[in-house]
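Please work through the exercises below with the sequence and the model side by side. Each task is followed by a solution that goes step by step.

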Amino acid sequence: MRKMRLDRLLSRNGSSRKEAAALVKAGRVTVDGRAVHDASMQIDLDSARVCLDGAPLRTSKHLHLMINKPAGVLTATQDPRGRATVADYLPRSFLALEIGPVGRLDRDVTGLVLMTTDGQLAHRLISPRWEQDKIYVARVEGRLTESDAVRMAEGIELKDFTCAPAKLEILEAGEDESLCEVTVHEGKYHQVKRMLGALGHPVTALHRRSIAGIELDSALEAGQWRELTEAEKAHLYNVTDLEE
Ligand code: URA
């Protein structure tokens with residue numbers, strides 16, 4: 001049986017510990033239809049129906065979300081130098097749950113960052129061994145041609161390593177700049193920028209739109225986040241051969 005204290009469950013749903021205690025005291029929390037007044041009570045996560053102001057709370061063990069990372073923000077939950085991080089956009093109570101990003105985007109790169117409290121899931125999503133595709137949209141200098149796509153497919157040789165074969169799809173090719181989509185399953189430092197740079201096309205903007213088949217929700221503006229749907233969670237556990 002999975003059990004959890006009521007105040008912790010409320011924290012998992014976005015309240016601070018202090019707010020959780022106040023909500024319970026005010027009689028706004030019900031367990032199986034009855035108002036409860038003890039924030040320390042143990043909740044059976046498999047069977048209890050816990051509601052706040054009549055709306056059911058999420059009782060799953062882990063928390064998983066996607067955020068549309070803005071440019072200029074670190075993919076981290078804290079920064080000793082006080083720079084903005086993706087955690088600044090989340091309820092503070094999520095941090096106590098030790099939620100962390102699945103891999104990293106450079107500070108100037110925008111788009112999809114998955115965050116989860118499940119370390120094993122995060123590990124498999126970023127490990128090259130599990131070969132999960134990440135799809136980036138890149139604006140680059142110069143005109144991309146099919147020969148660039150061929151070189152990407154062959155595996156670009158960088159100074160310190162040879163990249164696994166990757167897919168380059170040209171979306172727009174102009175004389176001065178081009179737009180493309182790059183699919184990789186590795187995640188080395190600055191990898192996409194370095195690959196396109198090695199082809200002679202420095203990246204001027206980079207955006208991640210997909211990880212392991214999960215697409216960035218187009219309704220999320222920069223800095224907005226949402227929890228993953230049940231279908232998205234099931235998909236991630238399925239492709240990583242894990243169980244929640
Ligand atoms: N490749 C990069 O160059 N930067 C990122 O942030 C992600 C992939």
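The exercises treat the ligand site and then the strand pairing.

This is a predicted model, in which local features need pLDDT of at least 70 and side-chain atom pairs count only at pLDDT 80 or more, while totals for chains, interfaces and linings use all residues. Residues are numbered from 1 along each chain as its sequence is written, and side-chain values use heavy atoms, with hydrogens and water left out.

**Exercise 1.** Identify the residues that surround the ligand, and sort them by class.

Solution. Begin with the shell, where a residue is near a molecule if one of its heavy atoms lies within 4 Å of it: Leu-105, Asp-106, Val-109, Tyr-136, His-190, Gln-191, Val-192, Lys-193 and Leu-206 surround the ligand. Next, sort them, with Ala, Val, Leu, Ile, Met, Phe, Trp, Tyr, Cys and Pro counted as nonpolar, Asp, Glu, Lys and Arg as charged, and the others, Gly among them, as polar; the shell then divides into 5 nonpolar, 2 polar and 2 charged residues. Finally, helix H6 (residues 191-198) gives the most to this shell, with 3 residues, a helix being a DSSP run of H or I with at least four residues, and a strand a run of E with at least two, both numbered from the N terminus.

**Exercise 2.** Which polar backbone atoms lie close enough to the ligand for a polar contact, that is, a pair of N or O atoms within 3.5 Å?

Solution. For the oxygen atoms of the ligand, there is a distance of 2.6 Å to a polar backbone atom of Asp-106, and one of 3.2 Å to a backbone N or O atom of His-190. For nitrogen, a ligand atom is 3.1 Å from a polar backbone atom of Val-192. Taken alone the ligand exposes 240 Å², of which the protein buries 95%, the areas coming from the Shrake-Rupley method with a 1.4 Å probe.

**Exercise 3.** In what sense does strand S13 (residues 203-211) pair with S9, with S10 and with S14?

Solution. Two strands pair if DSSP finds at least two bridges between them. Strand S9 (residues 110-116) pairs with S13 in the parallel sense over 2 bridges, and Gly-111 stands opposite Arg-208. Strand S10 (residues 134-141) runs antiparallel to S13, joined by 7 bridges, with Arg-139 opposite Ala-205. Strand S14 (residues 214-215) is also antiparallel to S13, through 2 bridges; these two strands form a hairpin with 2 residues between them, and Ala-212 in the turn has a positive phi of about 50°.

Notes: Polar contact = N/O pair within 3.5 Å; in protein donor to acceptor, adjacent residues only side chain to side chain.
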